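Hi everyone, and thanks for coming. Let me put the structure up on the screen, and then we can walk through it together.

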Amino acid sequence: MNTILDRIILDKRRRLESTKAVCSVEKIRQAAERNVTITFPFRHAIGAAGPRIIAEFKRASPSKGIINDRTNPMEMAKKYQSGGAAAISVLTEEDHFLGSVKDLDPIRNVTALPILLKDFVIDNYQIYEAARIGASAILLIASILSYKSLESFQSLAHSLGLDVVIEVHDPTEMMVAIDTGAKMIGVNNRNLKTFEVSLDVSRQLIEMRPEGTLMISESGISSSGDIAELHSLGYDAFLIGEKLMLSNDPSAELRRLYGEG
């Protein structure tokens, strides 16, 4: 039986075929290369002292269904910035998360915070597109990519001025990320095949942290206590989406998560 992740990847391949028919790889590559600036603001933002929160804009998920489809990215970006977010993650997958790459423009228009384009990247085309639309960083998921693809995608992204977060959720994937020379590793507490969540994933994998690599804990973080504990273990940043998207006051919620409430 196909898992949710299998279905997501299948739908992503179909969408990419349609997208390439409208705008060729060569055309998107040329557009991306015109935008190249090598500054890596995302890495600098989450590497600053103290725990740093990456606030995510996410309308829906396969496990939760609709989370919040009433707000717009511009409004949320303003609230995230006023609440002290270090960066903003934008989930752009269309079919299962109701995202869009078009969400980046309004966010970039109202905030200077670096933007992580979070999607299921399986093709160079998506990396060129991320650079073209002004993302600061992309996510590469170790469980859906070969070692060779992780290396080549990471190299391409860096050449276009994009930071890269390699996402892992078990020791084997962690070793792969380390071997590719990852500068940032995101530990996903959510199993992408079952969508079950446990912070024990972060507690386990931090023991494998290589020196000089920034570590991000993703999913299932719901309190300032969670952040304080994981930060004490060695995590630099925390990607939080659902809790903020469901909040009536995301700015205040961010401050509570930082422990200021």
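Let's start with G212, which sits in the loop between α9 (200-205) and β9. A quick word on those labels: helices (H or I, at least four residues) and strands (E, at least two) are DSSP runs, numbered from the N terminus. With a relative accessible area of 73%, G212 is exposed. By that I mean over 50% relative accessible area, while buried is under 20% and partly exposed is in between, with a 1.4 Å probe and protein chains only. G212 and M184 are 28 residues apart along the chain, and their C-alpha atoms are separated by 9.1 Å.

Before going on, some housekeeping. What you see is a predicted model, where local features need pLDDT of at least 70, side-chain atom pairs count only at pLDDT 80 or more, and totals for chains, interfaces and linings use all residues. Residues are numbered from 1 along each chain as its sequence is written, and side-chain values use heavy atoms, with hydrogens and water left out.

Now to the inside. Which residues touch the most other members of the largest nonpolar core? They are F42, Y80, I127, I138 and V168, in a core of 84 residues. A nonpolar core here is a set of buried Ala, Val, Leu, Ile, Met, Phe, Trp, Tyr and Cys residues joined through side-chain atoms within 4.5 Å.

Take F42 from that list. Setting aside residues up to four places away in sequence, F42 touches I54, A87, P114, L116, S136, A137, D163, V165, M184 and I216. Contact means heavy atoms within 4.5 Å.

L116 counts as buried because its relative accessibility is 2%. Beyond its neighbours within four places in sequence, L116 has contacts that include F42, I88, V90, I138, V165 and L239. L116 and I54 are 62 residues apart in sequence, and 8.6 Å separates them in space, C-alpha to C-alpha.

On to the strands. In β1 (residues 52-57), 5 of the 6 residues are buried, so this strand is largely enclosed by the rest of the structure. β1 runs parallel to strand β10 (residues 237-240), joined to it by 4 bridges. Strands count as paired if DSSP finds at least two bridges between them. β1 also pairs in the parallel sense with strand β4 (residues 87-91), again over 4 bridges. If you look for A55, you will find it opposite I240 in β10, and its bridge partner in β4 is I88.

How many residues of strand β7 (residues 163-168) are buried? The count is 6 of its 6 residues. In a regular strand, side chains alternate between the two faces of the sheet. In β7, D163, V165 and E167 point one way and V164, I166 and V168 the other way, and all are buried.

β7 has parallel partners too: strand β6 (residues 137-141) over 5 bridges, and strand β8 (residues 184-188) over 3 bridges. L139 stands opposite V165 in β7, while V168 has V187 in β8 as its bridge partner. β6, helix α7 (residues 147-159) and β7 form a right-handed β-α-β unit. Right-handed means that, with the strands pointing away from the viewer, the path from the first strand over the helix to the second runs clockwise. β7, helix α8 (residues 171-179) and β8 make a right-handed β-α-β unit as well.

Most residues other than glycine have a negative phi. F40, in the loop between α2 (25-33) and α3 (41-46), has a positive phi near 50°. S219, in the loop between β9 (214-218) and α10 (224-233), has a positive phi near 80°. Each is buried, with a relative accessible area of 14% for F40 and 14% for S219.

S223 and E33 are 190 residues apart in sequence and 41 Å apart in space, C-alpha to C-alpha.
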